[in-house]
Amino acid sequence: MDHRPSRWCTVDGKKFPLKQKPWISDLEAFLNKETEKFVYKGEAFGDEAAIKDFADDEGDSEVMRYLCLLSELRKRDESLYHFLQYIRESFTKPKKKQALDDYDGVLLGTVHKAKGLEFKRVMIYDDFKFKIINSKGEVQDDIFCDEANILYVATTRAKEKLYLYPEA
């Protein structure tokens, strides 16, 4: 977040909607001490550590991502509203017939959209939560193989540098 791009777009050049879910505003209000509890998926939380524990136990990477983002924004005395406004304003499509490698900005995309493409630098963040053990404690080989293939595609897109965040 210290080095925000001045421009970004998606791999397919389409703008994706930045719709904020109601619980995200509630989480922001809770983290800013505007409310005493945060209710999510029917559970009430009184502190940030309890939310983190819940997210870890449930494998809920979405709430964990927003918790990290909102915590960073709070340190900088910024709101999610202003951050999303910045994101909307900095969206810039590549020029027609411009190679994605020549795009002067950050490209966001899924592994599926990036298949067959290469980039100078690739950053993988928090996308691979292998859930290969089912409720009976059995290994689900089919899920492991699918996830391993997706991880292979993601990690082989980089031409120069690959950044893996610790959570990934």
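The chain has 6 helices and 6 strands. Helices (H or I, at least four residues) and strands (E, at least two) are DSSP runs, numbered from the N terminus. Along the sequence they follow the pattern β-α-β-β-α-α-α-β-α-β-α-β.

This is a predicted model, where local features need pLDDT of at least 70 and side-chain atom pairs count only at pLDDT 80 or more, while totals for chains, interfaces and linings use all residues. Residues are numbered from 1 along each chain as its sequence is written, and side-chain values use heavy atoms, with hydrogens and water left out.

Of the 168 residues of the chain, 27% count as buried. Buried means under 20% relative accessible area, with a 1.4 Å probe and protein chains only. Contact means heavy atoms within 4.5 Å. Among the contacts in the chain with a separation of 6 or more, 63% come from residues 24 or more positions apart.

The buried residues are Trp23, Ile24, Leu27, Glu28, Ala29, Phe30 and Leu31. Their cover includes the elements in this table.

| Element covering helix 1 | Residues |
|---|---|
| Strand 2 | 38-40 |
| Strand 3 | 43-45 |
| Helix 4 | 80-89 |

Helix 2 and helix 3 are also part of that cover. After helix 1 comes lysine 33, with a positive phi near 65 degrees.

Next, the helix pair. The axes of helix 2 (residues 48-58) and helix 3 (residues 61-75) come within 9 Å and cross at roughly 150 degrees. Axes are lines fitted to C-alpha atoms, for helices over the stretch in contact, and angles run from 0 to 180 degrees between N-to-C directions. The two helices are therefore roughly antiparallel to each other, a term for angles over 145 degrees. From helix 2, Glu48, Ile51, Lys52, Ala55 and Asp56 make the contact; from helix 3, Val63, Met64, Leu67, Ser71 and Arg74 do.

Aromatic rings come last. Rings of Phe, Tyr and Trp (its six-membered ring) pair if their centres lie within 6.5 Å. By this rule there are 7 aromatic pairs. The rings of phenylalanine 30 and phenylalanine 38 have centres 6.4 Å apart and planes at 35 degrees, so this pair is tilted. Planes under 30 degrees apart count as stacked, over 60 as edge-to-face and the rest as tilted. Both phenylalanine 30 and phenylalanine 38 are buried. One aromatic cluster is formed by Trp23, Phe30, Phe38, Tyr40, Phe45, Phe54 and Tyr66.

Conventions
Angles under 35 degrees count as roughly parallel, over 145 as roughly antiparallel, 65 to 115 as roughly perpendicular and the rest as oblique. Buried means under 20% relative accessible area, exposed over 50%, partly exposed in between (1.4 Å probe, protein chains only).
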